[in-house]
Amino acid sequence: MHPEKFKQVLGLPSAERHAYLVRKVADTQEVWGLYHDGWATAHAHGKVAIPFWPEAAFAQACASGGWELFQPRAIALGELLTRWLPGMAINGQLASVFPAPQGAGAIAAPADLLRDLQREAEQYE
């Protein structure tokens, strides 16, 4: 990715980064998390939030501080839709959608992210 595009996408407001993630994930059929002896997590609204990024480079850009040992790892869209998001809903967790190095991501209920991804994926069928 061109460095200028990378910078522009990271500079988008969180709602626009959410929309970018949904479009990109539906297109590439994968989402990215950070992994090191377990998946990276954060806290939002008193709950555990699992961060997701549309591309490895964006996840890598956030691998600092408490996540400095973490590496980007892909999650297949099918697995996200059938296992991750339903399991997160059962566990009372939230999704941190496309956090940026200098800012939080949009916080979404797993069911809302699931719905958004399913709607976008239908456009590709």
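Visitor: Does His18 count as buried or exposed, and at what relative accessibility?

Guide: In this predicted model, His18 lies in helix H2. The cut-off for a buried residue is under 20% relative accessible area. His18 therefore counts as buried, with a relative accessibility of 14%.

Visitor: With which side chain does the side chain of His18 make a polar contact?

Guide: Leaving out residues up to four places away in sequence, His18 touches Val97, Ala106, Ala108, Leu113 and Asp116. Among these neighbours, the polar contact, at 2.8 Å, is made with the side chain of Asp116.

Visitor: How far apart are the end C-alpha atoms of helix H2, and what span should its residues have?

Guide: Helix H2 covers residues 14–28, which makes 15 residues, and at 1.5 Å a residue these should span 21 Å. The helix is followed by Gln29, whose phi is positive, near 65°.

Visitor: Which strands does H2 lie across, and at about what angle does it run to E6?

Guide: The strands in question belong to an open sheet of 4 strands with mixed pairing, in the order E2-E3-E5-E6. The edge strands, each pairing on one side only, are E2 (42–44) and E6 (106–108), and neighbouring strands are turned by 40° against each other on average, direction ignored. H2 lies across E3, E5 (94–97) and E6, and its angle to E6 is about 60°.

Visitor: How many bridges join E2 to E3, and which residue is the bridge partner of Ala42?

Guide: Strand E3 comprises residues 47–52 and runs antiparallel to E2, to which 3 bridges join it. The partner of Ala42 in E3 is Ala49.

Visitor: How far apart in space are Tyr20 and Val97, C-alpha to C-alpha?

Guide: Tyr20 has its place in helix H2 and counts as buried because its relative accessibility is 9%. Beyond residues up to four places away in sequence, Tyr20 touches Met1, Lys5, Val9, Pro54, Glu55, Phe58 and Phe98. Although 77 residues separate Tyr20 from Val97 in sequence, their C-alpha atoms are 9.9 Å apart.

Visitor: Does Phe6 count as buried or partly exposed, and at what relative accessibility?

Guide: Phe6 is found in helix H1, residues 3–10, and, leaving aside neighbours within four places in sequence, is in contact with Met1, Ala57, Phe58 and Ala61. Phe6 and Phe58 are 52 residues apart in sequence, with 8.0 Å between their C-alpha atoms. Since buried means under 20% relative accessible area, Phe6 counts as partly exposed, at 21%.

Notes: Residues numbered from 1 in each chain as written. Predicted model: local features only at pLDDT ≥ 70, side-chain atom pairs only at ≥ 80, totals over all residues. Heavy atoms only, no water. Helix = DSSP H or I, 4+ residues; strand = E, 2+ residues; numbered from the N terminus. Expected span 1.5 Å × (residues − 1). Buried < 20%, exposed > 50% of the residue type's maximum accessible area, 1.4 Å probe, protein only. Contact = heavy atoms within 4.5 Å. Pairing = 2+ DSSP bridges. Axes fitted to C-alpha atoms, helices over the stretch in contact; angles between N-to-C directions. Polar contact = N/O pair within 3.5 Å; in protein donor to acceptor, adjacent residues only side chain to side chain.
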